[in-house]
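Here is a short briefing to read alongside your viewer. Please open the sequence and the model side by side, then work through the points below.

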Amino acid sequence: MGNRKAAEIMSEAQSGKRMLRALAGEVLDRPPFWFMRQAGRYLPEYRATRAHAGDFLSLCYNPELAVEVTLQPIRRYHMDAAILFSDILVIPDAMGQALAYKEGEGPQLEPVRSAKDLDRLETGRITEHLQPVFETLKGLRKALPADVTLIGFAGAPWTVATYMVEGQGSRDFANAKSWAFTDEAGFARLINMLVDATTEYLLAQIDAGAEVIQIFDTWAGALSETEFEKWCIAPVARIVSNLRAKHPDIPVIGFPRGAGAGYASFAAKTGVNAVSLDTSVPLEWARENVQSDNVQTSCAVQGNLDPLLVVAGGEGMLREARRILETLGKGPFVFNLGHGFVPQTPPEHVEELSELIRNWG
Ligand code: CP3
């Protein structure tokens, strides 16, 4: 794959930020770390701010409070990166699809299930509607400590489409798959709309100060090999190439969660700088098939501690964290979880884990 890219990022990385150095392919004694869902309900200060904001979407669209909750875990644990506080479903929201987060139930949307339903979606007001998100990023660039990297993000088209079509979380994605199998052209139109909207959104995030982009394909693991190529790899590759056309140096992390052996082709074909490994990916396999220390073709990996081990804490958590650090730390690596923290995570276990990593090497 295109490979002036690593060398270019290497020069960008002279800012010295650990996160940018790892994504540029550098192998560090002490790898950078951050955690998916590092801002969230496991922190009492998050619950307080969230109560003050009212509902979850109001929190996402309130720059002052969104900056505050993004900073909360950084103050406690000094991660090397902060991820913008927002959600992947602000894109359907910006397209005018009715969205609500019901307490304890997750997101609910008015489903789109056919090419005809797509006519209800608006694509002309993405940047305008998401202005508060860009204000949050600008506020964060001012507020963050100099060594902390700011990560912007979006959902990948397939994962966002599953929520848009199912109208809620799903186990089998029966409606989304049936649409893709019976009317491929119609479903492709939805995916293409999402590629364009996501490109526009991420370019504006970069303009507002995001230094790294992560693309979450949380439900990639539901796709067969053929469908994974069509609905995960191809759209993500188009977004990455659209971003690079304007920002050749922007580091991009892909998270095709549950992709199994598909991680290797995802890393090879999408043009991302790094992939985030879910908990099920074997470390030696990832080292051999995904991670590359060659600066010309560098692919960093991120992951992949089981978030439930952080609920358990103690020696079990620390033993597995050390195994990950020892194995994946041989190449370009960012320590993270295999998926996000759950609300019942004890904050003191996060402290114990953070301390292990900060003192590594
Ligand atoms: O700290 C961070 O990770 C940054 C913020 C962030 C959130 N969502 C906040 C959030 C990020 C990066 C996301 C991404 C996201 N959102 C994904 C992809 C990553 C993943 O977790 O797989 C997905 C699939 C969503 C959609 C979504 N948002 C669901 C299914 C839910 C309900 C489940 C839940 O945990 O409540 C949300 C809500 C949500 N997004 C919360 C947070 C902190 C909880 C809202 C609350 O009650 O305060």
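## A briefing on the model

Leucine 309 counts as partly exposed, at 24% relative accessibility; partly exposed lies between buried, under 20% relative accessible area, and exposed, over 50% (1.4 Å probe, protein chains only). The model is a predicted one, in which local features need pLDDT of at least 70 and side-chain atom pairs count only at pLDDT 80 or more, while totals for chains, interfaces and linings use all residues. Residues are numbered from 1 along each chain as its sequence is written, and side-chain values use heavy atoms, with hydrogens and water left out.

**The ligand and its shell**

- The ligand is surrounded by 22 residues, and the closest are Arg37, Arg41, Tyr46, Arg50 and His339; a residue is near a molecule if one of its heavy atoms lies within 4 Å of it.
- By class, this shell around the ligand holds 13 nonpolar, five polar and four charged residues. Nonpolar covers Ala, Val, Leu, Ile, Met, Phe, Trp, Tyr, Cys and Pro, charged covers Asp, Glu, Lys and Arg, and polar covers the others, Gly among them.
- The largest pocket is the space taken by the ligand. A pocket is found on a 1 Å grid over the protein atoms alone, as an open set of points where a 1.4 Å probe fits, with protein on both sides within 12 Å along at least five of seven lines. A molecule sits in a pocket if more than half of its atoms lie within 2 Å of its grid points.
- The elements giving two or more residues to the shell around the ligand are α3 (44-53) and β3 (106-109). Helices (H or I, at least four residues) and strands (E, at least two) are DSSP runs, numbered from the N terminus.

- Arginine 50 places a polar side-chain atom 2.6 Å from an oxygen atom of the ligand.
- A polar backbone atom of arginine 37 is 2.7 Å from an oxygen atom of the ligand.
- For glutamine 38, a backbone N or O atom lies 3.2 Å from an oxygen atom of the ligand.
- Taken alone, the ligand exposes 870 Å², and the protein buries 88% of that. Accessible areas come from the Shrake-Rupley method with a 1.4 Å probe.

**Backbone points to look at**

- Most residues other than glycine have a negative phi, and most peptide bonds are trans.
- Arginine 37 has a positive phi, near 55°, and is a residue other than glycine. Arginine 37 sits in the loop between α2 (18-23) and α3, and is exposed, with a relative accessible area of 53%.
- Phenylalanine 173 is not a glycine either, yet has a positive phi of about 55°. The loop between α10 (157-166) and α11 (174-182) is where phenylalanine 173 is found, and this residue counts as buried, at 4% relative accessibility.
- The peptide bond from glycine 303 to asparagine 304 is cis, with omega near -20°. Asparagine 304 belongs to strand β8 (residues 300-305).

**Distances across the chain**

- Leucine 309 has its place in helix α16 (residues 307-312). Between leucine 309 and arginine 322 there are 13 residues in sequence and 13 Å in space, C-alpha to C-alpha.
- Alanine 312 is also in helix α16 and counts as exposed, at 57% relative accessibility. Its C-alpha atom is separated by 8.7 Å from that of proline 346, 34 residues apart along the chain.
- Lysine 102 is found in strand β2 (residues 99-102) and counts as partly exposed, at 43% relative accessibility. The C-alpha atoms of lysine 102 and aspartate 55, 47 residues apart along the chain, are separated by 8.8 Å.
- Proline 44 lies in helix α3 and is partly exposed, with a relative accessible area of 38%. Proline 44 and valine 112 are 68 residues apart along the chain, and their C-alpha atoms are separated by 36 Å.

Conventions. A polar contact is a pair of N or O atoms within 3.5 Å; within protein, one must be able to donate a hydrogen and the other to accept it, and residues adjacent in sequence count only if both atoms are side-chain atoms. On a 1 Å grid over the protein atoms alone, a cavity is a set of points where a 1.4 Å probe fits but cannot get out, and a pocket is an open set with protein on both sides within 12 Å along at least five of seven lines; lining residues have an atom within 4 Å of a point.
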